[in-house]
Protein chains: 2
Amino acid sequence: MTEMEKPRRIVVIGGVAGGATAASKARRCCPDAEIEIYDQDEFISYAGCGLPYFIGGHSPNWRRLLARLPDEFESRQNIRVFLRHRVNDIDPGNKRIRVADLEGVSESSIDYDRLIIATGAAPFVPPIPGRELEGVFVLRSLTHALEMKSFIDLRAPRRAVIVGGGAIGLEMCEALRRLDMEVDLVEMADHVLPPLDPDLAGKLGEHLERNGVRLRLGAKVEGIMDRGGSVAGVATSEGDLEADMVLLSIGIRPVSDLARRAGIELGARDAIRVDEAMRTSAPDILACGDCATTRHLVSGEEAWLPLGSTARKQGRAAAETASGGEGRFPGVLGTFVLKAFEMTAGKTGLSEAEAREAGLASRSVTLEDAVLPGYYRGGGRMTAKVTVEENTGRVLGAQVVGDYSAVAERRLDVLAVCVSAGLTASDLSVLDLAYAPPYSHPLDIPIVAGNLAEARVLGKECTCTMEGLE
Amino acid sequence: MTEMEKPRRIVVIGGVAGGATAASKARRCCPDAEIEIYDQDEFISYAGCGLPYFIGGHSPNWRRLLARLPDEFESRQNIRVFLRHRVNDIDPGNKRIRVADLEGVSESSIDYDRLIIATGAAPFVPPIPGRELEGVFVLRSLTHALEMKSFIDLRAPRRAVIVGGGAIGLEMCEALRRLDMEVDLVEMADHVLPPLDPDLAGKLGEHLERNGVRLRLGAKVEGIMDRGGSVAGVATSEGDLEADMVLLSIGIRPVSDLARRAGIELGARDAIRVDEAMRTSAPDILACGDCATTRHLVSGEEAWLPLGSTARKQGRAAAETASGGEGRFPGVLGTFVLKAFEMTAGKTGLSEAEAREAGLASRSVTLEDAVLPGYYRGGGRMTAKVTVEENTGRVLGAQVVGDYSAVAERRLDVLAVCVSAGLTASDLSVLDLAYAPPYSHPLDIPIVAGNLAEARVLGKECTCTMEGLE
């Protein structure tokens with residue numbers, strides 16, 4: 001690929017994670033360029049992943065979610081920010097966008113040398129009867145969060161139904177229980193957090209129930225019940241649930257319609273298709289963040305796995321390419337982690353079922369244990385499931401569930417790097433990880449998992465326990 | 001290498017970490033062989049790394065340090081254990097050892113098909129005047145710990161001097177301060193924990209001082225002062241220190257004299273030289289654990305880096321080889337971690353100075369920050385220093401220091417796997433690590449370190465902060 005020349009004008013559409021990062025990075029790469037951000041919302045550059053903690057009161061001051069204020073972009077980085085400006089059209093041929101000022105009536109044409117599309121993703125709301133009622137919420141933007149918080153403060157709802165048991169749904173279970181609300185969680189699948197296997201997700205489900213969340217698994221929402229324009233409850237295939245408030249956290253979709261209308265190619269899940277340098281199919285137009293595709297590094301397939309941390313890495317790469325260099329973001333493992341009450345759950349890479357879909361034969365080993373030696377007070381328990389390719393022993397993925405105090409995210413990260421680097425079960429079994437009694441057993445979970453996988457998947461005659469004796 | 005045939009008799013000398021693991025593993029590989037452990041101590045198979053926590057009272061019941069009792073080896077695994085038996089000689093030609101029963105007067109000859117030497121390491125005590133006085137201790141074995149604990153319980157010493165600021169010395173600072181003793185720490189180097197660079201070790205030193213430890217850096221012990229056969233104090237090059245009790249934690253040495261006398265080749269630091277399969281220079285004799293050499297995976301050089309977790313991995317490999325298979329332990333990164341009061345310190349791979357000795361040109365980047373987003377209450381602060389090879393960008397090593405609550409061991413482990421797998425700074429910068437606000441910034445420390453190293457070491461024009469904005 002040839003490098004593009006230095007641009008005079010870089011225009012960024014969208015300014016939350018991918019867009020804000022791209023603009024900042026572009027400024028460093030191009031000290032003299034004009035850089036502008038257009039966003040239809042009134043907030044940019046905030047921590048979207050922090051919204052549940054604001055609502056639940058763990059992070060009570062929403063202004064702390066703002067990483068950088070619009071006038072800081074201007075004063076510190078000479079990046080012009082246009083809030084409440086909606087981009088209506090992209091004209092790739094003339095390298096121009098049409099922008100409407102939502103506060104006024106004006107529409108103007110804006111030229112660019114390089115355009116970075118960072119329009120993000122939006123909540124998916126199926127056509128459920130009653131979804132327009134007062135007290136029905138989605139939670140994606142800071143504006144959504146402020147609306148919900150205001151409703152909670154003014155109306156003091158006592159009963160909430162959360163529809164969708166993914167990451168946001170689970171984090172919001174904790175948030176709303178902190179506010180002493182009764183919480184029903186409705187999930188169509190037969191276990192919470194569908195990306196996890198049922199055995200691990202089951203442990204998380206039990207923990208939610210111990211914390212007062214009523215699980216309604218295998219239940220389909222049929223409608224939201226009305227009492228004078230406000231929410232009265234949720235009708236599901238498994239019966240009616242009373243509610244003063246409903247959160248629809250069913251899923252999100254990439255915001256790619258603007259790109260599609262400009263003739264830009266879409267890819268997985270209708271996200272904007274990008275290459276490793278974040279280029280779209282249109283010249284001088286890049287995309288990054290939750291609106292863009294990426295590649296799954298294990299399956300090798302194009303994927304759409306939106307996440308704040310990925311958005312920032314893609315934003316950097318997009319800015320490097322837009323600046324005339326060659327940014328590079330090779331892809332993701334789909335790694336995620338979340339906290340629900342005092343439990344951690346997470347995943348990296350492929351499960352057995354996902355490996356099968358990708359044409360890879362695999363088997364898994366599962367370990368459950370206290371993470372610290374028996375004689376050392378403290379720590380907690382965790383379960384790890386490690387998926388290994390048959391014959392080669394290559395580590396394809398891992399799932400963890402455990403007490404927050406068990407630091408399961410540490411083992412998850414170790415396994416994520418192992419998947420990234422293409423290590424095998426045998427490599428795992430001799431990793432030189434950090435050991436002292438306040439941190440782990442002499443042979444920490446990834447090492448023991450490597451031993452177990454050698455024995456069970458590769459047929460090597462051995463097992464070992466975390467106490468390290470066998 | 002050819003595989004050896006299945007042995008009928010496997011004899012193991014030493015039964016703490018490497019030896020106990022080797023015997024257990026050998027039993028699984030050879031269900032029908034006779035397996036015997038000889039150890040001159042009265043305890044085997046205990047958690048040596050747990051001794052400071054027993055003394056300090058965090059793990060008050062010393063019996064919990066015993067991973068497996070001798071009669072459990074016999075009843076569960078049919079492994080015969082001979083305690084208080086000292087091996088006086090090895091006769092490799094006749095495949096026989098001479099063993100003295102320390103409780104009686106008998107000496108007997110014992111045949112073996114395969115011999116595994118796991119004699120461990122012993123405290124190094126320089127010829128300091130007064131080292132034989134009552135109240136002067138070393139801490140290596142459970143017997144040492146019981147003696148020290150008994151002395152503390154009966155004599156109630158108020159002032160302790162700890163000589164040597166390595167891992168044991170630092171852990172014992174915490175242990176003795178927990179017992180309300182005054183503690184002076186004497187260290188010859190100009191900073192505690194000499195394997196760390198001074199900038200990071202300095203933070204640890206400040207933390208020790210905040211917890212009431214008086215640091216005596218750059219001080220050399222000249223003698224131990226006598227008051228009627230008991231300790232009265234320690235004379236150092238920087239002045240005299242009063243003391244009722246002294247711990248000499250200066251270092252350890254491999255116990256390799258038995259092997260040396262049998263004509264077995266020694267290697268780095270006079271440890272028993274082994275290959276990847278744990279074979280010594282003598283046929284049918286293997287070695288593992290703290291008495292054996294290993295290989296440093298970054299420098300490629302033979303090394304002696306004794307550690308409980310390494311001992312267990314080597315024990316497994318030795319048993320596989322002894323059983324007629326081909327065990328494999330490729331080597332170590334010298335990874336360690338320790339807790340001192342409420343701080344974590346650790347290291348993996350090479351520092352810049354060590355890289356230089358190994359002929360590798362390198363540079364380091366250092367980051368210090370809170371580990372969680374500003375809006376999320378909790379977490380702590382940590383510092384990470386990552387050393388990267390010039391030109392290639394390969395990650396050679398990392399050092400961390402931080403609050404215990406900052407989970408520095410997680411970042412250390414991630415970096416250890418990166419060093420293991422030969423990843424570069426650029427690889428670090430796009431790692432797909434687990435992110436959610438209760439666990440890290442969107443771009444966690446290893447990722448930011450990768451970005452910084454790309455910029456500073458490889459000259460790529462970019463930086464980024466943990467908030468992920470730039």
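This is a predicted model: local features need pLDDT of at least 70, side-chain atom pairs count only at pLDDT 80 or more; totals for chains, interfaces and linings use all residues.
## A helix over a sheet

Helices here are DSSP runs of H or I with at least four residues, strands are E runs of at least two, and both are numbered from the N terminus.

Residues are numbered from 1 along each chain as its sequence is written, and chains are lettered from A and ligands numbered from 1 in the order in which they are written.

Zooming in, β24 (residues 381–389) and β25 (residues 395–403) of chain A run antiparallel and are joined by seven bridges. One pair to look for is A:V386, whose bridge partner in β25(A) is A:A398.

## A hairpin elsewhere in chain A

Strands β4 (residues 85–91) and β5 (residues 96–101) of chain A are also antiparallel, with six bridges between them. In β5(A), A:V99 is the bridge partner of A:V87. β4(A) and β5(A) make a hairpin with four residues between them, and A:K95 in the turn has a positive phi of about 50 degrees.

## How the two chains meet

Chain A puts 69 residues into the contact and chain B puts in 69 residues. On the side of chain A that touches chain B, α1 (18–29), α8 (308–322), β21 (336–340) and α10 (408–421) each supply at least two residues. α10(A) gives the most to that side, with ten residues. By type, the residues on that side of chain A split into 40 nonpolar, 13 polar and 16 charged. Nonpolar covers Ala, Val, Leu, Ile, Met, Phe, Trp, Tyr, Cys and Pro; charged covers Asp, Glu, Lys and Arg; the others, Gly among them, are polar.

Chain A can be laid on chain B with an RMSD of 0.0 Å by a turn of 180 degrees and a shift of 0.0 Å along the axis. That is how a two-fold axis relates its copies. Both copies use the same surface, as 100% of the contact residues of chain A recur in chain B. The superposition is by least squares on the C-alpha atoms of residues with pLDDT of at least 70 in both copies.

## The nonpolar core

The largest nonpolar core has 320 residues, and A:I116, A:V246, B:I116 and B:V246 touch the most other members. A core here is a set of buried Ala, Val, Leu, Ile, Met, Phe, Trp, Tyr and Cys residues joined through C-beta atoms within 7 Å. Buried means 20 or more other C-beta atoms within 10 Å of the residue's own, exposed means 12 or fewer, and partly exposed is in between, with C-beta atoms placed from the backbone. Leaving aside neighbours within four places in sequence, the contacts of B:V246 include B:G135, B:F137, B:V161 and B:I224.

## Some residues of chain B

B:N78 sits in the loop between α3 (70–77) and β3 (79–83) of chain B, and B:R269 in the loop between α7 (257–261) and β18 (285–287) of chain B. B:N78 counts as partly exposed, with 13 C-beta neighbours inside 10 Å; B:R269 is partly exposed as well, with 16.

B:L458 is in the segment after α12 (445–456) of chain B. Its C-alpha atom is separated by 7.0 Å from that of B:E390, 68 residues apart along the chain. Not counting residues up to four places away in sequence, B:L458 touches B:G393, B:A425 and B:A453.

How values were computed
Two residues are in contact if their C-beta atoms, placed from the backbone, lie within 7 Å. Two strands pair if DSSP finds at least two bridges between them.
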